[in-house]
Amino acid sequence: MMSKENQKGVSRIMEKPRVAVVGSGSWGFNHVRTFNNLNTCELIGVSDLNDNNLIRVRGQFPKLKTSKEYTDFTRSNDIDAIVVPSSAETHYEIAKDALVHGKHCLVEKPITLDIDEAQELVNLAKQKDLVLMVGHLLLYHGAVDFLKKLVDEKKIGDMLYLYSQRVNLGKVRSNENALWSFAPHDISIMLYLIDSKPIRVSATGQSFLQKKNNIHDVVFFTIYFENGTIATGQVSWLDPHKIRKFTIVGTKKMITFDDMEVREKIRIYDKGVDGWDVSYDSYAESMSIHDGDISIPKVVLTEPLKREDSHFIECIIDKKKPLTDGQNGLDVLKVLVAAQKSLDNYGKPEDIL
Ligand SMILES: NC(=O)c1ccc[n+]([C@@H]2O[C@H](COP(=O)([O-])OP(=O)(O)OC[C@H]3O[C@@H](n4cnc5c(N)ncnc54)[C@H](O)[C@@H]3O)[C@@H](O)[C@H]2O)c1
């Protein structure tokens, strides 16, 4: 087991990291439940500004300490790690306070709203040798592991493009638009699967429900990668369908990942166009279509949030770099910031910094 210096310079054996959760709203409560059930850590307390949320926590988990002041946990010597599923605009302040006071930190997506602030958190974690992880939940989904393997092993040939749809009706948010609320999930998967640098993005969309505040309900975005791959996403909370779907098109095969399917989440289509990459005078003559079988592989599924939260604790104990570390949060944020700029300029492509 590793030891670490706490604020007073006293070394402590990190057997079971002691955790506090800051933000116990609709998503944060799931972290509270999950950390409380993990036997690799000890959940000590929960902070929230909302009394009702703290009453709910005490009702279900009477042993936990609760406080409206998050600093009671970020500055406590009895806490090793802070989980931050508070509203996005508060992530920077809370995560910074946690890191400054020597706490490992799991911050929900998006890491922050500002690139410089996210960079500061990444630097701080590095300087202080602390784990900084971002809650890109879908990278802990068994189906995404499966996709990654298929893509990396070139089972689909070379990836040409992919598109994602994350649409439903509600929950309408007033503090962020559909891009910032939904797209971090899709962008994190796109960056994970596509082995190339994202260089440019364009985004269009519209605000219908909260026109005055210019909060976009629907956004379509396209990311261009250095190797020519493109990834397109559609996100909306104003749509008749509930769709959570990825489609990947490769030179040899095509795949869909439909997260609304209970069991058969991945389908591999032995479909494609052959001969198109050969230089003939007449391309049309050289091409033939293959339209073969569809296979549905068995995918091992465990609760992604449990995997994510366990991974955070494992990284603290074993001093490992998280799959979704602070840098990964920053990479996703850079795409979001450029996409928002493009959205504000009616789809004008923006370079990703
Ligand atoms: N990974 C996922 O799948 C997923 C899903 C939903 C939401 N999220 C993310 O989780 C975060 C929270 O989302 P939500 O839907 O639970 O929002 P929410 O508004 O329901 O909850 C946010 C909570 O944070 C609390 N809070 C805000 N400032 C605080 C402070 N200074 N101290 C203590 N508590 C504070 C609020 O009182 C509120 O209860 C967001 O970043 C969101 O993007 C992630």
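What volume does the second largest pocket have? The second largest pocket has a volume of about 310 Å³, and the largest pocket has one of about 1300 Å³. This is a predicted model, where local features need pLDDT of at least 70 and side-chain atom pairs count only at pLDDT 80 or more, while totals for chains, interfaces and linings use all residues. Residues are numbered from 1 along each chain as its sequence is written, and side-chain values use heavy atoms, with hydrogens and water left out.

**Terms to know**
- On a 1 Å grid over the protein atoms alone, a pocket is an open set of points where a 1.4 Å probe fits, with protein on both sides within 12 Å along at least five of seven lines; lining residues have an atom within 4 Å of a point.
- A volume is the space filled by probe spheres set on the points, which are joined across faces, edges and corners.

**The largest pocket**
- Its lining has 47 residues, and Ser26, Trp27, Gly28, Lys109 and Arg173 lie nearest the centre.
- Elements giving two or more residues to this lining include helix H1 (28–37) and strand E9 (159–169); helices (H or I, at least four residues) and strands (E, at least two) are DSSP runs, numbered from the N terminus.

**The second largest pocket**
- Of its 17 lining residues, Leu130, Val131, Leu132, Lys321 and Pro322 lie nearest the centre.
- Helix H5 (115–128), H9 and helix H10 (326–344) each give two or more residues to this lining, and H5 gives the most, with 3 residues.
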